[in-house]
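The entries follow the order in which I checked them.

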Amino acid sequence: MECLTTTPFTFTSSLLKSNSKLSLNRKCRSLINKDNGSMCMMSSTMSYTVNESSVFSYKKLIHFALEETNSHTPLVPSPLQKKYSSLLAMDDKTELQMLSFEGPKTRLLRSLCIEGSDGMQVLDFAAFPKPEFDLPIFCANFFTSAKMNIIVLDLNPLHDIMDQEDYKEKYYKNLIPLGHKYSELLPWGGKLTSESLRFFSPIVIWTRFSSSPHNHSVLFSAFKDYYQAWLELMDRSEEETDASQITRNCEAQHRYLTWRAEKDPGHGVLKRLVGEDLAKDVIREFLFNGVNGLGSKTFLDYFPEYRCEDGRVNEKRSMIGKSFENRPWDARGEFIGDKS
């Protein structure tokens, strides 16, 4: 099969200044060529349209984030956009839409949006800083079915805030009231493992709720407030010039990406939609791009407790066994759980 190219998403100021619509028209859907592993384009028509008066859709949040980002910093399409734009799931109904950008302080800003015919929606939106900046990683992982929503929203710390009080003070001290506001509106979602906890901040929103216009309105408000907070941190961040600190930032981000690429719970949805091989490609090369390029350490180098006797990675989500039924931070952002 001959591989064709497609025009990447064109990011223009006029498009982002629109208050009602974000349009992306494509004449292709992407599939993996089984013979050579390349991404091939097959004829199809995809429309990416956001209307503020339309029904509940995570595309509205993507539109908001791009428009808001453009008011703070210039963005250009990432080279990833040429390969990852849209995928049609194996049911020939569900479409996966992907956007990716980069900026002066941002190594990768990317989104994956899925809208299924059964009312299922997924948003995976993240912003990864360049290694010269020790900014937190903006993370929004939303899963919605007809009745239930599973939500994680956070400014994931690049460095360990349990042991590095200075990093916590630098980025989270002034955000604790924001986290407290939404922790009351969006209560803790139940057990969270210690392994996952080390990648979250005191302001993390981890929640489950039933679908309703009110709950979705609160979630949209939280996304907007958290993203604006991240952009303000980005505005104030200063470029690191010390080579050893840049290396440390790079390894910290690589460790995060390695964990997410291996253990992120949303991977099952991708595998069901597009198959194991293509899901793995999207996960490692798009969603957590950098896991193959920012460092050479493996998952087991970072997390040796997951090594099986035969050298494989244990597929369990938790090896430590400790989980937190309730929010393990108090109203001041102090950790009150047992770290062991």
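I took helices and strands as DSSP runs numbered from the N terminus, a helix having at least four residues. The model is a predicted one.

Entry 1, second largest pocket. I read off a volume of about 660 Å³. I found 24 lining residues, with Ala261, Glu262, Lys271, Lys280 and Arg284 nearest the centre. H7, H8 and H9 (276-287) each supply at least two residues of this lining. H9 gives the most, with six residues. I sorted the lining by class and noted ten charged, eight polar and six nonpolar residues.

I listed 37 lining residues, and Asn141, Val152, Asp264, Pro265 and Gly266 lie nearest the centre. The elements that each supply at least two lining residues include strands E6 (106-115) and E7 (121-129), along with helices H7 (243-263) and H8 (267-274). Which element gives the most to this lining? I found H8, with five residues. By class, I noted 21 nonpolar, eight polar and eight charged residues.

I looked up the axes of H2 (residues 59-70) and H6 (residues 213-236), which come within 11 Å and cross at roughly 25 degrees. Angles under 35 degrees count as roughly parallel, and H2 and H6 are therefore roughly parallel to each other. I noted the crossing as right-handed. On the H2 side the contact residues include Phe64 and Glu68, and on the H6 side they include Phe220 and Tyr227. The residues of this contact divide into seven nonpolar, two polar and three charged.

Notes:
Residues numbered from 1 in each chain as written. Predicted model: local features only at pLDDT ≥ 70, side-chain atom pairs only at ≥ 80, totals over all residues. Heavy atoms only, no water. Axes fitted to C-alpha atoms, helices over the stretch in contact; angles between N-to-C directions. Parallel < 35°, antiparallel > 145°, perpendicular 65-115°, else oblique. Left-handed = near helix turned anticlockwise from the far one by under 90°. Contact = heavy atoms within 4.5 Å. Nonpolar A, V, L, I, M, F, W, Y, C, P; charged D, E, K, R; others polar. 1 Å grid on protein atoms, 1.4 Å probe; cavity = no way out; pocket = protein on both sides within 12 Å on 5 of 7 lines; lining within 4 Å. Points joined across faces, edges and corners; volume = space filled by probe spheres on them.
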